[in-house]
Amino acid sequence: MKKLLISGLLIIAGTWAPLANALAFTDPYQLVGEVAQRTFDRLNTQQSQIKADPRYLRTIVREEMLPGVDVRFSAFRVIGKQLNDTTPAQRDAFVNAFSEYLVVTYADALAAYDKQTLDIGKGSVTKDQQLVSIPVTVLEPNKPAINLEFKLRKNNRTGEWKVFDMIAEGISLLSAKQSELSGLIRQKGIDQVTKDLLALTNKPVTPLERKE
């Protein structure tokens, strides 16, 4: 399961890479297909820079992945029922810390990249559709295929589609993060968990951490 989640995180980081001024978010299938190719091309061409500076993986994630992830929605889902007990300032601070936490998580997953290829599901959405699941198969030579499912939601205000979850063998990444962090928020309070996430993201990155 750990290997599946790592592969899933890798594909999230390699798939949700829209450049705000270059790509529209109006077609989730087109978004996934176009962006996956250009992100994987970047990983292929910048391996020397990545090996020279492991933190560069975080730069790639910030530039290529975060614009396509509904971080605020996911962060609020992680906070869960305690959301009403937080102030706007606390929520904003947690969202920022959670965003950096995702950057580190996805950057670690990118370290496992080794020229995998993708088979991305094709389809279309209706005008009134609000949610869509896109199947993605990860193909690697001499290894079993990994079947994933990406969930995207349409923002009613902006009309943009963004990813909010990934499913691997029935396991929801969002649910896993909820289980990991919501209990800590109950025990320690949102302010302390926010500090803990920031401390984690500030941890130095070494070449050793990039190995599988």
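**Figure 1. Packing of helix α7 against helix α8 in the predicted model.** Two packed helices are described by the angle between their axes and by the distance between those axes. Helix α7, formed by residues 173–188, packs with helix α8, formed by residues 190–201, at an angle of about 125 degrees, and the two axes are 7 Å apart. Helix α7 is therefore oblique to α8. On the α7 side, the contact is made by Leu-181, Leu-184, Ile-185 and Lys-188. On the α8 side, Ile-190, Gln-192, Val-193, Asp-196 and Leu-197 take part. Sorted by class, the contact of α7 with α8 has six nonpolar residues, one polar residue and two charged residues.

**Figure 2. The open sheet of five strands.** The strands are arranged in the order β1-β2-β3-β4-β5, and their pairing is antiparallel. Strands β1 and β5 (171–172) are the edge strands, each pairing on one side only.

**Figure 3. The pairing of strands β2 and β3.** Strand β2 comprises residues 131–139, and strand β3 comprises residues 146–154. Eight bridges join these two strands in the antiparallel sense. Leu-131 stands opposite Arg-153, a residue of β3.

Figure 4. Leaving aside residues up to four places away in sequence, Asp-119 touches Pro-135, Val-136, Thr-137 and Leu-139. For Asp-119 and Pro-135, the separation is 16 residues in sequence and 8.4 Å in space, taken from C-alpha to C-alpha.

Figure 5. Of the 212 residues in the chain, 46% are buried. Among contacts with a separation of 6 or more, 61% are between residues 24 or more positions apart. The chain exposes about 11100 Å², of which carbon and sulfur atoms supply 51%.

Note on methods. Residues are numbered from 1 along each chain as its sequence is written. This is a predicted model: local features need pLDDT of at least 70, side-chain atom pairs count only at pLDDT 80 or more; totals for chains, interfaces and linings use all residues. Side-chain values use heavy atoms; hydrogens and water are left out. Buried means under 20% relative accessible area, exposed over 50%, partly exposed in between (1.4 Å probe, protein chains only). Contact means heavy atoms within 4.5 Å. Accessible areas come from the Shrake-Rupley method with a 1.4 Å probe; for residues, only the protein chains shown count as cover. Axes are lines fitted to C-alpha atoms, for helices over the stretch in contact, and angles run from 0 to 180 degrees between N-to-C directions. Helices (H or I, at least four residues) and strands (E, at least two) are DSSP runs, numbered from the N terminus. Angles under 35 degrees count as roughly parallel, over 145 as roughly antiparallel, 65 to 115 as roughly perpendicular and the rest as oblique. Ala, Val, Leu, Ile, Met, Phe, Trp, Tyr, Cys and Pro count as nonpolar, Asp, Glu, Lys and Arg as charged, and the others, Gly among them, as polar. Two strands pair if DSSP finds at least two bridges between them.
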